[in-house]
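Me: I would like to learn how to read the side-chain features and the chain-to-chain contact of a protein model. Could you take me through them one at a time, with the general idea before the case?

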Number of protein chains: 2
Amino acid sequence: MSPRKPSTKDLTKEMIINEAHKQFITKDFHQVSMRSIAKELGCSHGAIYYHFKNKAEIFYAILGDYFSELNNTLDETVNGPGDHNTKLLNVFVGYMAFGLNNQSQYELMFMIRDREIDGLSQEAANLSYEKFAQSVQSLSMTKLLISEIHSTFIALHGFVAHYRHYVKNYEEAKQAVDAHAKFLMKALT
Amino acid sequence: MSPRKPSTKDLTKEMIINEAHKQFITKDFHQVSMRSIAKELGCSHGAIYYHFKNKAEIFYAILGDYFSELNNTLDETVNGPGDHNTKLLNVFVGYMAFGLNNQSQYELMFMIRDREIDGLSQEAANLSYEKFAQSVQSLSMTKLLISEIHSTFIALHGFVAHYRHYVKNYEEAKQAVDAHAKFLMKALT
DNA sequence: CCTCCTTATTGACCAGTGGTTAATAATCAG
DNA sequence: CTGATTATTAACCACTGGTCAATAAGGAGG
């Protein structure tokens, strides 16, 4: 009745995710194909479908870590040193830096709304936004409108969505990031 | 030496563009295929390649009109009635409305930076941005920083990029559009 | 050891994509 | 009618995501 021992080193979910992740760092979702993953893993692309029901599922599995990273960055900024205004500014900078340093991932996390999301990535995105909203409110001197926080988020999102075509990482857009963060500070006070 | 008369009704560039445009209204760039265009036109998809060197060229040909429309909307708002502040607000609202009412087109105009742009769409996008920047400055009471105008544009872009996943047109996001426009007004004053 | 059952994997297949190209049909000029 | 030019087709290429019958690999029980 017992199944085959998983100890024998066949293809594992982990191996697939690792390989997909590896390629995902330099290519985007559409450029990483099931066949390119299989080829690098030395198996047929059909085998992958035994472990994942489709391509999206592989990449959604990867995104979990990135949502965590984004949330942690947020937490660390909020709970870190400095006055409220500085922290708030750093929350903005941190968000943009994350987006620019993880462009392929950011795209899948917040930009692609592929056919029939299982709500998987969608839910995590909403959670991240909630955390962002609460952090911004807690760091603000005054009571903010929900729409103000939302507009702020959208403005940050717009920055990442725009600059990812022109820079490879945060470093290359540092000045613009700072300016945008200050612009948003002004809008909130 | 003269070629065949173009008067005979074969396949024309115009017919192809019209059909592509027609499908482009309800589907996005990736969903409209050379074969779907050819099928509707009653020709083989290979024939299209005689008139256009590739798929992108067809769609870039379409975008010209949309850039014009966007620019015209901007002009009309600036030269229309109302005080400066109201006009400025309407510039913001107009931009977002355009983006939400022409989502597929907006995507190609400002979001997709496909492999090796000929600078075709890129250039038009820059021109549109320049027009926007000048309009905003001319309507503003104070001298604005370039970075402020840029941040404003990016915030508008972010709004469209975000909301296009949730609404079908401007009407459905009217409230949020207004709030966002007011938010940006606050940031600029 | 041998059979049975489960799991994991292959490779052929499907329908679709953008793009190329040799052959050919259609048309015109001389 | 002949020859040149243009426009079109259909077969082809190399891809994509996805499915599935056949099968290899291994463990459990007799």
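Reply: Let us begin with aromatic pairs, for which rings of Phe, Tyr and Trp (its six-membered ring) count if their centres lie within 6.5 Å, with planes under 30 degrees apart called stacked, over 60 edge-to-face and the rest tilted. A search of the whole structure, over all chains, returns 27 aromatic pairs. This is a predicted model, in which local features need pLDDT of at least 70 and side-chain atom pairs count only at pLDDT 80 or more, whereas totals for chains, interfaces and linings use all residues. Residues are numbered from 1 along each chain as its sequence is written, chains are lettered from A and ligands numbered from 1 in the order in which they are written, and side-chain values use heavy atoms, with hydrogens and water left out.

Me: Which geometry do Phe29(B) and Phe59(B) show as an aromatic pair, and where in the chain does each lie?

Reply: The pair Phe29(B) and Phe59(B) is edge-to-face, at 5.0 Å centre to centre and with 80° between the planes. Helices (H or I, at least four residues) and strands (E, at least two) are DSSP runs numbered from the N terminus, and on that scheme Phe29(B) sits in the loop between α1 (13–26) and α2 (34–41) of chain B while Phe59(B) belongs to helix α4 of chain B, so that the pair, 30 residues apart, links distant parts of the chain.

Me: Are Phe29(B) and Phe59(B) buried or exposed?

Reply: Burial is read from relative accessible area (1.4 Å probe, protein chains only), where under 20% is buried, over 50% is exposed and anything in between is partly exposed. Phe29(B), at 8%, counts as buried, and Phe59(B), at 1%, counts as buried too. In chain A, one aromatic cluster has among its members Phe67(A), Phe92(A), Tyr95(A) and Phe153(A).

Me: How should I read a salt bridge, and how many are there over all chains?

Reply: The rule asks for a side-chain nitrogen of Lys or Arg within 4 Å of a carboxyl oxygen of Asp or Glu, and by it the count over all chains comes to 13 salt bridges. One of them joins Glu148(A) to Lys186(B) at 2.6 Å, N to O. Glu148(A) lies in helix α8 (residues 146–163) of chain A and Lys186(B) in helix α9 of chain B, so this pair joins two chains. Glu148(A) is buried at 12% relative accessibility, whereas Lys186(B), at 33%, is partly exposed.

Me: What is the distance in the salt bridge between Lys131(B) and Asp75(B)?

Reply: The closest N and O atoms of Lys131(B) and Asp75(B) are 3.4 Å apart. That pair links distant parts of the chain, with Lys131(B) in helix α7 (residues 120–139) and Asp75(B) in helix α4 (residues 55–79) of chain B, 56 residues apart. Lys131(B) is partly exposed at 25%, and Asp75(B) is partly exposed at 28%.

Me: How many residues does each chain bring to the contact, and how much area is buried?

Reply: Contact means heavy atoms within 4.5 Å, and here 27 residues come from chain B and 27 residues from chain A. Buried area is the accessible area (1.4 Å probe) that two parts lose on being put together, summed over both; chains B and A bury about 2,300 Å² between them, 62% of it on carbon and sulfur atoms. On the chain B side, Ile154(B), Phe183(B) and Lys186(B) lose the most area to chain A, together 25% of what that side buries.
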